[in-house]
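The sequence and structure come next.

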Amino acid sequence: MFGRLTTDAFKHEASQNAAVFGMIVTGIALIFLITYFKRWKWLYHEWLTTVDPKRIGIMYIVVVLVMFLKGFADAMMIRLQQVLSVGDSQGFLSAGHFQEVFSAHGTTMIFFVAMGAIFGLMNLIIPLQIGARDVAFPFVNALGFWLFAAAAALNLVSLAIGSFARAGWLAYPPLSSLQYSPNEGVDYWIWIVQIAGIGSTLSGINFLVTILKMRCPGMTLMKMPIFVWSCLCSTVLIILAFPILTATLFMLAFDRSLSMHFFTTDGGGNYMMYVNLIWAWGHPEVYILILPMFGVFSEIVPTFSEKRLFGYASMVFALIFITFISFIVWLHHFFTMGASPFVNAFFGIMTIIIAIPTGVKIFNWLFTKFRGRVHFTSPMLWFFAFLLNFTVAGMTGILLSVPPIDFQVHNSLFLIAHFHGMVIGGVLFGFFAAFTYWFPKFTGYVLNEKLNTAAFWCWLGGFLLAFMPLYMLGFMGATRRLDHYEADTGWHSLFIIVAIGAVILFCGALIQFFGLFWTIFDRKAHLDQTSGDPWNGRTLEWSTASPPPVYNFATIPVVATRDPLWTLKHAEEDPQEPEYEDIYLPKNTAVPICMGFLSLIFGFATVWHIWWLGALSFIAILLCLIIRLSGKDEHILITAKEVEKIETSLKNKRALNASYHLT
Amino acid sequence: MLIFSGLMLLIILIMQPLNIWHHGENIAVLFPKGLIGVEERNLLLIVQALMLVIIIPVYILTFVFSWVYRADNPKDKYDPDLVDNFFAECVWWGLPIVMVAIVSVLTWVKTYELDPFKPIESKNKEIKIQVVALQWRWLFIYPEEKVASLNFLQIPKDTPIRLEITADAPMNSLWIPQLGGQIYAMPNMKTELNLIANEEGDFRGSSANISGEGFSGMTFITKATSKEEYDKWIALAKQSSKTLENKSYQALALPSMNRETEIFQLEEPNLFNKILNKYMQME
């Protein structure tokens, strides 16, 4: 009846019990609050069934913030264990539990924080920047989000029921094979990543088509904002890379559940194939994450330098170059697997070549400031932190890509310092910059700058303390994923510094959460008085109201230059009085959330071998699809009159907001 | 704020030398005791220096531009339409290309030179040692000397060591940072690592790839001594009361987190190949 699910699955170590308890209490509190404020209907109609990319984007960010806390808690546990568990002391986590924690940390941070942040930004920004009212496939987009949310939920479920994988975030076989990991942990990992990955593929397809087909009149490819270009490259990578992940995970799942032999040691399987395949996805994945952040900084630097972007064509070419080459470097993740020097040298050099376009980008950002007017707002501060950390991490990346050097630092904490420099220094700082930069667009309020700045210094200082010593620890022979080490290694003092850095980082994160709540609480003081263009922007998203009306643009803009709003602001003539038209928008649908929920059940059932439930939920998913595909594509109509009414009220609000400035 | 950033940068720059001064000999990768490690360290320093040639100017430019062109600087020039310059862009496409070309040539040459499978040239005859990663211990087999040791590797200095590596466990990685780089130890596969110790001493070795519950404890001591002492150790090992053949190996291969050292007489000379071919179906 319940497969291999027994009451043992609910027994955990104390720290995990505390987390589960906290989760349940938070859940009950949320349900209570929503009921108390009678918000269920609102939640259902306005959010859960929405196909509006702006709302989906905000939901992505909410999931990201929750998962970020979970991933961060994992990181703190790792660091605390490494401070405590030295010599005779064994720390507060068992080896097995520690391995679950670091596997969960990587999985959560990459698939649910970084990927979620990327898709959140794409949903929020792309339609506005290309002057579109909607995305190409609103249903597919919503489905992508709900699969992502379902996978995130399954991730949280794995905390409460059973154990997680102990094989690292990429679960190399043979360790992840049935032979060495017989319990449900790796199955959790497989299905969490599988569901999230399919969601990512769907979202990627939607945004590729949106960018290619939905641009407003006049916006040729070479007139797109650079953020859109970076997302275009990123979605191309998603579409090419994620199917590899899906197929690889299916093969691993078949090995584990159906006794097949793709990656086993016996029966003719080859686990080295898995390592190749997972990195054939895994390396492009790194660029899927970082490319949009290059785009973010390419928007922020010009805006806060009061200039247009230097070397636009160079930037685009560099992006395309990186996109192409990121597919032929995957082997640099395992130079130590014993390939011939020819193979190793080839992949090493391909990797080093990526430094060229990346370097060009950095020079272009620098020269965007040249003869500009640089404002030291918090998005710009994040840019400085990004530049500092990203170049250090990039430099160590070059060291890692030279095979003989890699032999000496691979799998050591040097490697950990390198890729955290990329992912925190690059992706996360980029996301923070983007969050601060575009927050006014979606709320109408500007984040508290004082708190932002305080958080920034915590993050920068904390990051340096938490990750720079790791380079040294790597040189001292400290490998990654150690739950215990001997006292005579001399690592302990550095691990303490690292843990202090982690605490400072955590303070930074807390200040950010507080800043977010404080901005919402003290709304009046944080009002964006310009009602839409607080930073004196250049691109289309700043030309509409904040938050934008559901249709984004009352009249579809026509552009003639790369920076349409900049051109408009510098134009002599007054804009014409707009003529409003009827607007059709896609209708809300409950199918995506249903399919998400069913996927969660399917994932859970498969993990625990509850086959009847798995089969039922799978059939239900198919039924949902059939129902959706057989129905008509329904729209809601906003008549020209209604549009005019909304626009007038927005105009009045704008005047009112501006008057706060005067009083 | 700029001053603070500068301060932070300074801290990192100072921190590394301070660390080196404080931990000194503990920093295995930077102070290796064998030829391979030295070569790899030198390569690291050269590539690092080449990188700094570009990165230091980038940092300086970042601070200079941000400061000179700050919005409240009354003396700055403001030229919002300066958005491309063919010559300047050629320079910063060209600079990294030149740098990458240099590093690439270096990479190509050194990757061949420091290929872990390549035997080390020396006047002393090389010693072959077969290594098996177990769950979660290391077994070292000296096939020519007919001895074996668990969690302990004894080698003579200035003598090339040829390690043939496999695993009877999930994937591990054999790493003795003071001697040189690592290579994976994989079931069903044989990898090779050629190392040499040019100084006497005890060097820490470990597994660098997660391989299950006892992974953190998979450390061992590599003891590099004079040739005489090594010979003495071999002679002693040959008289060990413990023997290693198929049956006693089966007991060793069971998962264990016991980290004690053991010495064996080797009675099954073909043991390594048997482990290597464990999953091969012999027709």
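How far apart do the C-alpha centres of domain 1 of chain B and domain 2 of chain B lie? In this predicted model, the two centres are separated by 36 Å.

## Domains of chain B

The domain assignment of chain B places residues 2–70 together with 87–113 in domain 1, and residues 127–276 in domain 2. The contact between these two domains draws on 9 residues of domain 1 of chain B and 12 residues of domain 2 of chain B. On the side of domain 1 of chain B that touches domain 2 of chain B, 5 residues are nonpolar, 2 are polar and 2 are charged.

## Overall form of the two chains

Chain B contains 6 helices and 12 strands. Its radius of gyration is 26 Å, well over the 19 Å that the globule rule gives for 283 residues, so chain B is more spread out than a compact globule. Taken along the principal axes, the C-alpha atoms of chain B fill a box of roughly 85 × 50 × 40 Å. Buried residues account for 41% of the 283 residues in chain B, and, among its contacts between residues at least 6 apart in sequence, 72% join residues at least 24 apart.

Chain A, by contrast in its make-up, has 20 helices and 2 strands. For its 663 residues a compact globule would have a radius of gyration near 26 Å, and the value of 25 Å for chain A agrees with this. The C-alpha trace of chain A spans about 75 × 60 × 45 Å along its principal axes. In chain A, 58% of the 663 residues count as buried, while 83% of the contacts between residues at least 6 apart in sequence join residues at least 24 apart.

## The interface between the chains

The contact between the chains takes 76 residues from chain B and 75 residues from chain A. On the side of chain B that touches chain A, the elements that give two or more residues are helix 1 (2–23), helix 2 (35–68), helix 3 (86–113), strand 7 (180–185) and strand 9 (201–207) of chain B. Helix 3 of chain B gives the most to this side, with 14 residues. By class, the side of chain B that touches chain A is made up of 45 nonpolar, 21 polar and 10 charged residues.

## Helix 18 of chain A

Helix 18 of chain A comprises the 17 residues 591–607, which at 1.5 Å a residue should span 24 Å; its end C-alpha atoms are 24 Å apart, in agreement with that expectation. Of these 17 residues, 13 are buried, so helix 18 of chain A is largely enclosed by the rest of the structure. The helix is followed by A:His609, whose phi is positive, near 60°.

## Local backbone features

In chain A, the bond from A:Pro173 to A:Pro174 is cis, with omega near 5°, and A:Pro174 lies in the loop between helix 5 (138–160) and helix 6 of chain A. In chain B, the bond from B:Gln135 to B:Trp136 is cis, with omega near -5°, and B:Trp136 belongs to the loop between strand 1 and strand 2 (138–142) of chain B.

A:Arg371, although not a glycine, has a positive phi of about 55°; this residue lies in the loop between helix 11 (355–369) and helix 12 (378–401) of chain A.

## Confidence

The model scores ipTM 0.93 and pTM 0.94. Chain B averages a pLDDT of 90, and 90% of its residues score at least 70. Within chain B, confidence is lowest in helix 1 of chain B, at a mean of 62, and highest in strand 1 (residues 127–133) of chain B, at 97.

Conventions
Residues are numbered from 1 along each chain as its sequence is written. Chains are lettered from A and ligands numbered from 1 in the order in which they are written. This is a predicted model: local features need pLDDT of at least 70, side-chain atom pairs count only at pLDDT 80 or more; totals for chains, interfaces and linings use all residues. Helices (H or I, at least four residues) and strands (E, at least two) are DSSP runs, numbered from the N terminus. The expected span of a helix is 1.5 Å times one less than its number of residues. A residue is buried if 20 or more other C-beta atoms lie within 10 Å of its own, exposed if 12 or fewer, and partly exposed in between; C-beta atoms are placed from the backbone. Domain bounds come from an automatic or database domain assignment. Two residues are in contact if their C-beta atoms, placed from the backbone, lie within 7 Å. Ala, Val, Leu, Ile, Met, Phe, Trp, Tyr, Cys and Pro count as nonpolar, Asp, Glu, Lys and Arg as charged, and the others, Gly among them, as polar. The radius of gyration is taken over C-alpha atoms; the globule rule is 2.2 Å times the number of residues to the power 0.38. pLDDT is the predictor's confidence in each residue, from 0 to 100.
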